[in-house]
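Colleague: Please take me through how to read a few side-chain features, with the general idea and then the case at hand.

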Amino acid sequence: MNTIEITLRDIIKYTFGDYKNVLMIATLMLAISFFVNVSEIRSDIISPISVIIVYILIFIEVGYGAEIIKTSYDGQNTTPKLIPTKELLKEGVKRTVIYVFYGLICILLYRLEQYFPFYSIESSVCDILIIVVTILMCLGIINRFLHNGKFSKAFNLKEMVMLYKKFKIKELVYVIISMLIGQAFVVSCLVDINPGFTIIDAVLMVLTFFLAPLSLISTKRLIGLTFKRYV
């Protein structure tokens, strides 16, 4: 049995190991969806209150994802319990700031690229810089991870370059792909709640209620195992 098969079996077993915890995560993510819709529907004071609640819940979700990565790296084979704490909230805020910082740079480069002709030298340079910034973001998160979560380590360019030199290209590609998959699939389940809510909408809500937490757990487990193997 190859490494990929072993990893996939581990992820499946890990993800479905505690159905009660899965339901708690599903409830958290559904609550995010609910309050997002409330903030869009209401125009009174309820709207800004809902936005605040959404951010708090998202920070807890992001912090919990980081906890899965950490415990997986440390060798724990059961999902950590989802218990909203100040630590999860703080970790979620720090992670979000890191994503936003590097994400904004990529967005600015993408917007700048629109001013240049397609396939021009300037456009190609922007594409290369976007890839470089994405790699730096991943290296920053890894570097912070290796320094007990110290926030400033996510922006320490010198240490990030040194960390890059320690990797073989194949290893770095595995790590970055697993991290990007984790961020791409872990999104809050948003259901459009409006007067025209249909049976199809209800079915989609039920599906996302179960699929969203499974996606969160499995992708973060993948990152943790990848870190354990290569970092």
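**Rings, a charge and a patch**

Colleague: Is Tyr102 buried or exposed?

Modeller: Buried means under 20% relative accessible area, exposed means over 50%, and partly exposed lies in between, with a 1.4 Å probe and protein chains only. Tyr102 has a relative accessible area of 6%, so Tyr102 is buried. This is a predicted model: local features need pLDDT of at least 70 and side-chain atom pairs count only at pLDDT 80 or more, while totals for chains, interfaces and linings use all residues. Residues are numbered from 1 along each chain as its sequence is written, and side-chain values use heavy atoms, leaving out hydrogens and water.

Colleague: How many aromatic pairs are found in the whole structure?

Modeller: Rings of Phe, Tyr and Trp (its six-membered ring) pair if their centres lie within 6.5 Å; planes under 30 degrees apart count as stacked, over 60 as edge-to-face and the rest as tilted. The search of the whole structure gives 7 aromatic pairs. One of them is stacked, Tyr102 with Phe155, because the planes are at 10 degrees, with ring centres 5.8 Å apart.

Colleague: Which parts does that pair tie together?

Modeller: Helices are DSSP runs (H or I, at least four residues), numbered from the N terminus. Tyr102 is in helix 4 (residues 86–113) and Phe155 in the loop between helix 5 (121–145) and helix 6 (157–166), so the pair ties together parts 53 residues apart in sequence. The rings of Phe151 and Phe155 are edge-to-face, because their planes are at 65 degrees, with centres 5.3 Å apart. Phe155 is partly exposed at 30% relative accessible area, and Phe151 is partly exposed at 29%. Ring pairs link Phe101, Tyr102, Phe151 and Phe155 into a cluster.

Colleague: What lies over the face of Tyr14?

Modeller: A charge sits over a ring if NZ of Lys or CZ of Arg is within 6 Å of the ring centre and within 35 degrees of the ring normal. Over the face of Tyr14 lies Arg221, at 4.1 Å from the ring centre.

Colleague: Which residues does Thr71 touch?

Modeller: Contact means heavy atoms within 4.5 Å. Leaving aside residues up to four places away in sequence, Thr71 touches Tyr14, Gln76 and Pro80. Thr71 lies in helix 3 (residues 46–73) and is buried, with a relative accessible area of 7%.

Terms used
Helices (H or I, at least four residues) and strands (E, at least two) are DSSP runs, numbered from the N terminus.
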